[in-house]
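Student: I would like to go through the terms used for this model and see what each one rests on.
Tutor: Here is the structure; ask about the terms in turn.

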Amino acid sequence: MDKKVVLITGCSSGIGLSLAVRLASDPDKTFKVYATMRNLAKKERLLECVKGLHRDTLEILQMDVTDRQSILDARDKVVENRVDILVCNAGVGLMGPLEVQSLDSIRHIVDVNLLGTIQTIQVFLSGMKARGQGRILVTGSTGGLHGLPFNEVYCASKFAVEGACESLAVLLQHFNIHVSLIECGPVNTDFLVNLKKAELGDTSLQQVDTQTLSLYEKYLQHCSSVFQNAAQDTEDIVNVFLAAIRSPSPAFRYFTNSVAPPLTKLKVTEPDGTRYISAMSKIIFSEED
């Protein structure tokens, strides 16, 4: 039986790297994985993880999701001339008071998280439609379901991804193409290392009022506590991806932990938002935290 062809974006570290290694290491060699990354200089970590044992199940390709030609070039290097499972995982973060965010930084977040996801799907979608089958998995975030203070731009980009995927899912069921969002909370990856974040003491924060700075300090303390006590390992997330990939009838949303659904339910059951905003504020800014 032919291998399932999988193309994954953002494989230089974190979830993308772990998923690529797991699929390429499948003992039954069920998958042929194309692991893509913007900067091929970072491929050594992936190569070390597979230790050269999976030459027939793994290829590493250069692909920048913000560059349409780069996506097309990667597609043309898939020797099977098809992608059965597309995993849109590349993403970046931006944290800090909105007043200090430059327009270039804002555009970069939207370019990678939203436009990068959309144009990657665009490139591979026609082939899936022509074959009448396919799977699209997107690394979502609770920041695409819940507004988080000091993450306004990141959340905006992830909220937009939710809308794009939900819209596509309604349409693509008529082509036997399944769209799934893997909704991640805090994860122990290099995402935090690569996160563009305003640090306390940065000169850029001098223009920010003292009350906002005080709340930002509380938020940073909250984040530190959450990542110390509740962050998941990448393998936990990979297991959720595998459940979606292997399911004969995959769901649209998969939550990787139990934190998100109660707050999501609150937004739906009381849509005026008052209780949700109060609850989120208490979680993040209460003195007990």
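**Terms and their grounds**

Tutor: The model is a predicted one. Helix H7 (residues 210-229) packs against helix H10 (residues 274-285) at an angle of about 80°, and their axes are 8 Å apart.

Student: What makes H7 roughly perpendicular to H10?
Tutor: Angles of 65 to 115 degrees count as roughly perpendicular. The angle here is about 80°, so H7 is roughly perpendicular to H10.

Student: Which residues make the contact?
Tutor: H7 contributes Leu-215, Lys-218, Tyr-219 and His-222, and H10 contributes Ile-283, Ile-284 and Phe-285. Heavy atoms within 4.5 Å are what counts as contact. By class, five of these residues are nonpolar, one is polar and one is charged.

Student: What makes it a cavity and not a pocket?
Tutor: In a cavity a 1.4 Å probe fits but cannot get out, whereas a pocket is an open set. The lining of the largest cavity consists of Thr-9, Val-65, Cys-88, Asn-89, Ala-90, Val-112, Gly-116, Thr-117 and Thr-120. Helix H4 (residues 103-131) gives the largest share of that lining, four residues. By class, the cavity lining has four nonpolar, five polar and no charged residues.

Student: What lines the second largest pocket?
Tutor: That pocket has a volume of about 190 Å³. Its lining is made of Lys-4, Phe-31, Asp-84, Ile-85, Gln-133, Gly-134, Arg-135, Asn-176, His-178, Ile-245 and Arg-246. Strand S6 (134-141) and helix H8 (234-246) each supply at least two residues of this lining. The classes are three nonpolar, four polar and four charged residues.

Student: Where does Arg-82 lie, and which residues does Arg-82 touch?
Tutor: Arg-82 is in the loop between helix H3 (68-76) and strand S4 (85-88). Leaving out residues up to four places away in sequence, Arg-82 touches Asp-2, Lys-3, Val-5 and Arg-131. Arg-82 and Lys-4 are 78 residues apart along the chain, and their C-alpha atoms are separated by 9.5 Å.

Methods: Residues numbered from 1 in each chain as written. Predicted model: local features only at pLDDT ≥ 70, side-chain atom pairs only at ≥ 80, totals over all residues. Heavy atoms only, no water. Axes fitted to C-alpha atoms, helices over the stretch in contact; angles between N-to-C directions. Parallel < 35°, antiparallel > 145°, perpendicular 65-115°, else oblique. Nonpolar A, V, L, I, M, F, W, Y, C, P; charged D, E, K, R; others polar. 1 Å grid on protein atoms, 1.4 Å probe; cavity = no way out; pocket = protein on both sides within 12 Å on 5 of 7 lines; lining within 4 Å. Points joined across faces, edges and corners; volume = space filled by probe spheres on them.
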